Amino acid sequence: MELKNDLILRAARGEKIERTPVWLMRQAGRILPEYRAVRESVSGFIELAKTPELAAEVTIQPVDLLGVDAAIIFSDILVIPEAMNLPYEMVEKRGPWFPKTVSTLADLKQLKVADGEADLDYVIQAIKITKKELNGRVPLIGFAGAPWTIFSYMVEGSGSKTFSKARALLYTDPVFAETLLDMITQSTISYLKAQIKAGADMVQLFDSWAGILPPDHYTQYSLRYIQQICDAITEVPVTVFAKGAFFAREQMGQLNCETIGLDWNMGIAESRKMIGDHKTLQGNLDPAALYGTTQEIQAATRRMLDQFGTSRHIANLGHGVYPDINPEKVKVFIETVKEYSAKIRA
Ligand code: CP3
């Protein structure tokens, strides 16, 4: 299937393009009333994610309703622990929760390395349906959590302010930590390869809890495994988004990936210098900027585009869109990227 709009893939590869492509992290769901309508027709998030036809429908909604330049498959990063034998629940208004957690080498005997195709067939089917229904309109992004972030959830059992249980294990039982991180890494490689085989045109790793580690632990317990994944995924462009990892930007420039995501705390010019000209940068408007007026959003978006310049940039927010943002404001962001980025190239 030939893509009618492949701007984001060309931007990732560093090719010259007519305008800057734009999409939003967490664009599927959350902000759209159309998503909530589908969501209410099932028992909850997990049933929705496990019903490929519905997952495909909500994946495509932001393409139709917001005009983004890419779709991202509707799923969650926590499908990997479940496929490894550690199931999760999604508690209304509170977020993910694991009835069982792991913290010793003995616990790991209950887990397995997941097989992307066999154990995550519902995501694979959702990707196949989505690709068919998108019919080449825009590329489809596959994704997974980075091993450190997945490790944090498997150990803590839920979100946490400090993730102190997960971080403690890096000091008290590094063998456990490395064994689990390795199992997650192997599972993730198999999963991403299955997504790509099913039709994902590019993939993104979300290291949402990168920012809680000291730099040396980040190198040893996160980047090392991200590197293994980047080295293994040679089929499509890879994006690494490590929230809060401002201290690791130079090292991220050395990863075997095409794109580095910036959060909104990271200065654009300084990030470009640290990461280098050979990577595409993605981001990084403050998600809270979308609470502003139309004029304020337009001004902030143009400022961002001026700072990134016209090459090697994929426009996005600096983290996922907040659930209470008015979709009309999201459209202002998207339209401004499209118009202004074409204008500054003309
Ligand atoms: O638009 C998309 O990007 C669709 C797919 C997607 C979801 N989660 C769906 C989802 C993606 C890419 C994710 C990634 C994800 N999930 C991350 C990494 C990105 C980030 O925000 O840092 C993390 C840390 C998670 C774990 C997770 N899932 C949390 C903490 C929560 C609860 C709070 C929240 O963000 O809503 C979820 C639930 C979740 N994942 C929802 C959706 C649409 C809301 C659940 C619902 O509809 O009931």
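Here are some questions and answers on helix packing and ligand contacts in this predicted model.

Residues are numbered from 1 along each chain as its sequence is written. Local features need pLDDT of at least 70, side-chain atom pairs count only at pLDDT 80 or more, and totals for chains, interfaces and linings use all residues, while side-chain values use heavy atoms, with hydrogens and water left out.

User: How is H8 oriented relative to H11, roughly parallel or roughly antiparallel?
Analyst: Helix H8 covers residues 121–134, and its axis sits 9 Å from that of H11 at about 25 degrees. Axes are lines fitted to C-alpha atoms over the stretch in contact, with angles from 0 to 180 degrees between N-to-C directions. Angles under 35 degrees count as roughly parallel, so H8 against H11 is roughly parallel.

User: At what angle do H9 and H11 cross?
Analyst: Here we have residues 147–156 (H9) and residues 174–198 (H11). Their axes come within 9 Å, and the crossing angle is roughly 115 degrees.

User: How many charged residues are in the contact of H9 with H11?
Analyst: Contact means heavy atoms within 4.5 Å. H9 brings residues including Trp-148 and Phe-151, and H11 brings Leu-180 and Ile-184 among others. By class there are 11 nonpolar and 1 polar, with Asp, Glu, Lys and Arg counting as charged; the charged tally is no residues.

User: Which residue has a polar side-chain atom 2.5 Å from an oxygen atom of the ligand?
Analyst: A polar contact is a pair of N or O atoms within 3.5 Å. Asp-76 places a polar side-chain atom 2.7 Å from a ligand nitrogen, and Ala-28 uses a polar backbone atom, 2.6 Å from a ligand oxygen. The side chain at 2.5 Å from an oxygen belongs to Ser-208.

Notes. Helix = DSSP H or I, 4+ residues; strand = E, 2+ residues; numbered from the N terminus. Parallel < 35°, antiparallel > 145°, perpendicular 65-115°, else oblique. Polar contact = N/O pair within 3.5 Å; in protein donor to acceptor, adjacent residues only side chain to side chain.
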